[in-house]
Amino acid sequence: MARKSWMYAVLEAVQAEMRKDKSMVWLFELTPPVASTPGKPVINLEKEFGRIRVNNTGIDEMWMAGATLGCGLAGVKAVTYIPYQGNGMCFQMIQNHAGKLRHMTGGDAAMPIVFILEMTGQTPGFAGQHSDYEIDTYYAHIPGVKTVIPSTPADAKGMMVSAIRDPNPVVYLYPAGLRDMMEEVPDEQYTTPLDKAAIRTEGSDITIVGSGGGMPEVLKAATQLQGSGMKVETIDLRCFKPMDTETLVKSVQKTKRLLTVDQSYYTLCPGAEVIARVAENVDGARFKRIAFPDAPPPASPEMFLWMRPNADHIVKAASQLVG
Amino acid sequence: MPETRDISPETQTENPVLSANRRTFLKGLAGAGAAISLTGTLARANGEIGFWAKDLSNDQLIEMYRTILRIRWHERTQADKMLTDPGYRGYNHFYAGQEAVATGVCAALNNKGKFEELDVVYSTHRPSGHAIAKGVDLKKMVAEMDFRATGLNRGYAAEMHISDKSVGFLGADGMIGPGLVMAAGSAFGFRARGSKQVSVVFGGDGTYATPAFHGTLNNAALLKLPFIYVLENNLYHQYAHYSYSCPMKDIADAARTYRIPGVVVDGQDVMQVYNAAREAVERARAGEGPTLIEAKTYRYYNHWGAPGAKAGELGAFGYDPLAITSFRPEREVRAWMTRDPVDISRNTLIRWGVVDQARATAIETAVRAEVADAFDWASRQPLCKPEDGLKNVFVEGSVPARQFG
């Protein structure tokens, strides 16, 4: 057990799996699979496993995703780390191939592969093409691909181990805004389920559901609201597909109020799906969603930070919903 | 020594025999060059064939030198600002070292007039040099990179997405690949409209490995589009050497596949770049199809921002923490800096008797003042109104705020 960053926790998981499985591969561009954390050895997958297995490719995300899928179809475990600039370039391979092959082969194809898709949206100033948080919705929509989004280093490790060991293709979203987050993470391998939401705070007045890079603001708002006496149940969605409907429904059956928070665009944001599932199963509840407006993120920090949902917005919306 | 072909200005001597009838003579040679280049061999000698730059007026030559300086001092001033002013929020993928490429290419284009007549340029994530060379307003560009409401794109774009339709600069693009296709698409549109416009895309060595590379050149060649692909091979895509993603030493060799001219040019020498670009432009306007120009060049700074750089000094050296497994040897950077595009262009102008040393220095002093003024002006510009972020999504109106619930 030691304090580890998000990326250190993830690479620790991958390193252990690659030591066990001598053919498992990792494909990357831009971001080398290297991480360090105080008091622990530096992890450098390229150095440890060599360039045959850990390959620095050209700027070709179609290749990265397709090669990963091809490995999987041939029985070789594979993980690719696609930086946020390229996380739409590989869409076809994941949506029309990885997502459909199991079904199209009548159950023959197994794809023990992980697509790590980095997403930004937390960085003011990057603008348009370099702020693409909305991919959570795009990838969550695909059948046949499990789509998950850890929001803490400990979950990141456990869910990475589960994703690698899962025989299905997994889209593993990495909110890059959480890069600096540190917490205690066990050294040994452990698994965290790919179909369970996490209840972060328990309460009976309101359910607030968020995910990924939005969680720090959700938790900040929850702390403020609890300080003023509101009993807030906070849920970290963690898994978009399959979505943990049971946890969501049980919570809102108790609170009768549901506020969803997304950094993704309003239309079809993950919160829209959460609200729909709860509305189908809970009578007499009230709903509200907060999301990024249906506009590309502008460069100017003045515009961008005003548009991005934050703890103040959550506190106000929750107070209105409860009051 | 950097890997460049021996096409330095020193090997190119003035031939008085050519002076009287140079144009006719060159036309013939250029045609021959284009035809023979289909084999992909003689194309490399292209820089030795064209003498277009020597036909330029003194004013045009001086303007090219000024453009190179404008780019250089923009980069240096911004790097210094990033290193010394904690309140400064702008950033850049610095173009310093590559100035001659943007300048030489854009000098061969039509940059003024009605939008329907302008040659267009599509740029990359390293756009400041291309933008300046195409003629964008320097003050407004600096303001845009500083997120100001009066910037080139009113604060929506910032560095990686700047554009200016009024000079045919259709924009920086933060992605690798799509820009090529869009640029060829514009050329397709020009052909349909029957205009004489040319579409140029700048791309790095990293674009070779993208699927877009093939689609773009294949379609441009099949359709004989008025299209020029300027591939700036600065040896590194992001942090990886281009040998990681390209099996050839000269990416221009790829042109053979498409039966179009593939030209390798010394990207540090603006005259060589201009010559190659001029021939490609004439070819495009004459309906003869696309050209792939590979400019061998180098970036003095690291991929992004100013790690390894010191205020007041040109270039970045040593270890870039972002380039953990593939970073540039300092000797390589120093070697390339000995063939500096600013020095080469100044020395050429002095040798050609266009300016003397004193005039060259005076021009540089004036450009430095112009750049300093631009940064000063930008720093006094208003910040954006937050709610304007909801505008410009569609042509009409704004979208609703959703962040408050």
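Is B:Leu152 buried or exposed? I counted 26 C-beta neighbours inside 10 Å for B:Leu152, so it goes down as buried. (Buried takes 20 or more other C-beta atoms within 10 Å of the residue's own, exposed takes 12 or fewer, and partly exposed is in between, with C-beta atoms placed from the backbone.)

**Ground rules.** I'm working on a predicted model, where local features need pLDDT of at least 70, side-chain atom pairs count only at pLDDT 80 or more, and totals for chains, interfaces and linings use all residues. Residues are numbered from 1 along each chain as its sequence is written, while chains are lettered from A and ligands numbered from 1 in the order in which they are written.

**B:Leu152, continued.** I found B:Leu152 in the loop between α7 (138-145) and β2 (169-171) of chain B. (Helices, H or I with at least four residues, and strands, E with at least two, are DSSP runs numbered from the N terminus.) Leaving aside neighbours within four places in sequence, the contacts of B:Leu152 include B:Val136, B:Met141, B:Ala157 and B:Ile162. (Contact here means C-beta atoms, placed from the backbone, within 7 Å.) I also checked B:Lys139, 13 residues away along the chain from B:Leu152; their C-alpha atoms are 8.5 Å apart.

**B:Pro329.** Next I looked at another loop, the one between β8 (291-296) and α12 (330-337) of chain B, where B:Pro329 sits. B:Pro329 counts as exposed because it has 10 C-beta neighbours inside 10 Å. From its C-alpha to that of B:Phe317, 12 residues apart along the chain, I get 8.1 Å.

**Chain B overall.** I noted 14 helices and eight strands in chain B. Of its 405 residues, 54% count as buried. Among chain B contacts with a separation of 6 or more, 74% are between residues 24 or more positions apart.

**Where B meets A.** I have 39 residues of chain B in contact with 41 residues of chain A. The chain B side splits into 22 nonpolar, 13 polar and four charged. (Nonpolar covers Ala, Val, Leu, Ile, Met, Phe, Trp, Tyr, Cys and Pro; charged covers Asp, Glu, Lys and Arg; the others, Gly among them, are polar.)

**The core.** Which residues have the most contacts inside the largest nonpolar core? They are A:Tyr172, B:Val230 and B:Ile293, in a core of 218 residues. (A nonpolar core is a set of buried Ala, Val, Leu, Ile, Met, Phe, Trp, Tyr and Cys residues joined through C-beta atoms within 7 Å.) Domain 1 (2-185) and domain 2 (198-322) of chain A each give this core at least three residues.

**Chain A sheet.** I traced an open, mixed sheet of seven strands in chain A, ordered β5-β2-β6-β7-β9-β8-β14. Its edges are β5 (54-56) and β14 (239-241) of chain A, each pairing on one side only. (Strands pair if DSSP finds at least two bridges between them.) Inside the sheet, β2 (residues 25-28) and β6 (residues 78-82) of chain A pair in the parallel sense over four bridges, with A:Val25 opposite A:Ala78.

**Chain A domains.** The centres of domain 1 and domain 2 of chain A, taken over C-alpha atoms, are 26 Å apart. (The bounds come from an automatic or database domain assignment.) Their contact takes 23 residues from domain 1 and 24 residues from domain 2 of chain A.

Definitions and conventions:
Contact = placed C-beta atoms within 7 Å.
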